[in-house]
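Subject: Structure handover

Hello,

Here is the structure I promised to pass on. Please open it first, then read the notes below it.

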Amino acid sequence: MIQKERLQKDFDAMAQLTGLGEGINRLAFTDADWEGRQYIIDRMTDAGLDVEIDGFGNVIGYKVGTNPDLPIIMVGSHTDSVPNGGNYDGVAGVLSAIEVVRSIIDDGFEHEHTIAVVDFMCEESSRFGAATLGSKAMRGKLTVNDLHRLVDKQGISLYDALKNRKLHPDAIESMAYNRPVKAFIEMHIEQGKVLEHKQKQIGIVSGIAAPERFYVTIRGNADHSGATPMNLRHDALCGASKIILGIEEVTSMQEEPPVVGTVGIAEVVPGAMNVIPGSVKLGVDIRSISKVARDSVVFLIKELIDVIAEKRGLSYTIEPISKESPVSMHSSMTEEIKRAAKSLNIEYIIIPSGAGHDAMHWTEVAPTGMIFIPCRDGISHNTAEFAAIDDIVAGAEILENVIKNISLVSNTLD
Ligand SMILES: [Zn+2]
């Protein structure tokens, strides 16, 4: 049985490992991150897991099954944090996975497949500007070049950060995880408000959205704000405003599957009270779990920009930043999680993930599923981040139920 007090104790202990600054500051490979990681290693060891550390520092704790030759069941998340972050993002998934294994041991449950609990290194992009690096390393997607290229604000490369922790950056290209995996599952806080709003304890993730990002620079004429009559202006900011509202309208119209669009950057040049804005650079981020839906929204947005610019006598350029692929969770895992939730009488909804997670790297390897639990007011990446222990326990109970079920050879996950 999942033990609430035992789990709470782990959260309390992790909450003490804060690093310097307000909230949790376990930036990847810093001393605070290393203390958090050591706490996880110690709890895995206490539970009797065989702990293995790979060349990137990923921590893998094995609870060997009755047939060690079978593919493994992988369950995990991360314990690094953003600056001034909270104690639940990632941590909820790792601590719950450890508690699940402890519970399985307490119950004397005989699982045929080996269960591997993973604490993935460097999930947050805060330090090196790239996310889910531990998973990427395990999937063989990083090169020595990448490790030199990724540099933090102090000028320390990921290569040196690994060296400083006595890890093995030079072996990065040959350290892909090569044991067969039967299934991957991750529990995580939602980092949004939907579960709270719908008053559900569990979200079963349908897919993980990925962004397409681009800059739009709109150019007009930076004329005198007093001497230029309204009908002779080419105001770049007025055009940009129409574009921003248009992006909101176009994305809102796409309902199923939903698309979200954000203009988070607007740089106005010259930015003076007495000069009509001559140019505006907008940073646009469009996301969905459906590439088709996202592509069609981006197409409409580009048409809209063209129409608005033309009408207002403005010119524009579009500069692509990134275009990543959304991933779907595997239906056999989604069904497993549903079945577990129903059998435990826990209310759930199916929900897309707007944020990226380690799970997205395992969808190509094995049937992959994700469980969301609510976080207060949807707040995350913030000192106010909070998840209730009862919700964490509900998530852990589902996690345990699923893992027990799929750890038997008779469950083939088709
Ligand atoms: Zn996270």
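**Two domains**

The centres of domain 1 and domain 2, taken over C-alpha atoms, are 37 Å apart. Domain 1 covers 4–208 + 326–406, and domain 2 covers 210–323. These bounds come from an automatic or database domain assignment. The contact between them takes seven residues from domain 1 and eight residues from domain 2. Two residues count as in contact if their C-beta atoms, placed from the backbone, lie within 7 Å.

On the side of domain 1 that touches domain 2, strand β6 (residues 202–208) gives the largest share, three residues. By class, that side has three nonpolar, four polar and no charged residues. Here Ala, Val, Leu, Ile, Met, Phe, Trp, Tyr, Cys and Pro are nonpolar, Asp, Glu, Lys and Arg are charged, and the others, Gly among them, are polar.

A note on the source: this is a predicted model, where local features need pLDDT of at least 70, side-chain atom pairs count only at pLDDT 80 or more, and totals for chains, interfaces and linings use all residues. Residues are numbered from 1 along each chain as its sequence is written.

Helices and strands are DSSP runs, numbered from the N terminus: helices are H or I with at least four residues, strands are E with at least two.

**Helix α10**

Helix α10 (residues 331–343) has 13 residues. From first C-alpha to last it reaches 18 Å, close to the 18 Å expected at 1.5 Å a residue. The expected span is 1.5 Å times one less than the number of residues.

Which residues of α10 are buried? They are M333, T334, E336, I337, A340 and A341. Seen down the axis of α10, its buried residues fall within an arc of 160°, so they line one face of the helix. The arc is that of the directions from the helix axis to the C-beta atoms. On the other side of α10, K342 and S343 are exposed. A residue is buried if 20 or more other C-beta atoms lie within 10 Å of its own, exposed if 12 or fewer, and partly exposed in between; the C-beta atoms are placed from the backbone.

The cover over the buried residues of α10 includes β5 (181–189), β6, β12 (348–353), β13 (368–373) and α11. Just after α10, N345 takes a positive phi of about 60°.

Take T334, which sits in helix α10. T334 is buried because 20 other C-beta atoms lie within 10 Å. Leaving aside neighbours within four places in sequence, T334 is in contact with I204, M329 and G369. T334 and M370 are 36 residues apart in sequence, yet 7.9 Å apart in space, C-alpha to C-alpha.

**Helix α11 and the cores**

Helix α11 (residues 389–406) has 18 residues, which should span 26 Å at 1.5 Å a residue. Its end C-alpha atoms are 25 Å apart, which agrees. α11 is mostly covered, with 14 of its 18 residues buried.

The largest nonpolar core has 85 residues, and V117 and L399 touch the most other members. A nonpolar core is a set of buried Ala, Val, Leu, Ile, Met, Phe, Trp, Tyr and Cys residues joined through C-beta atoms within 7 Å. Not counting residues up to four places away in sequence, L399 touches V75, S96, A97, V100, I185, M187 and I371. A second, separate core of 20 residues includes A236, I243, V280 and V298.

**Backbone points to check**

Most residues other than glycine have a negative phi, and most peptide bonds are trans. The following points are worth a look.

- The peptide bond from E256 to P257 is cis, with omega near -5°. P257 lies in the loop between α8 (236–253) and β8 (259–269).
- The peptide bond from V269 to P270 is also cis, with omega near 5°. P270 is in the loop between β8 and β9 (279–288).
- Q191 is not a glycine, but has a positive phi of about 60°. Q191 is in the loop between β5 and α7 (194–198). With 18 other C-beta atoms within 10 Å, Q191 is partly exposed.
- D377, a residue other than glycine, has a positive phi near 55°. D377 is in the loop between β13 and α11. D377 counts as exposed, with 12 C-beta neighbours inside 10 Å.

Best wishes
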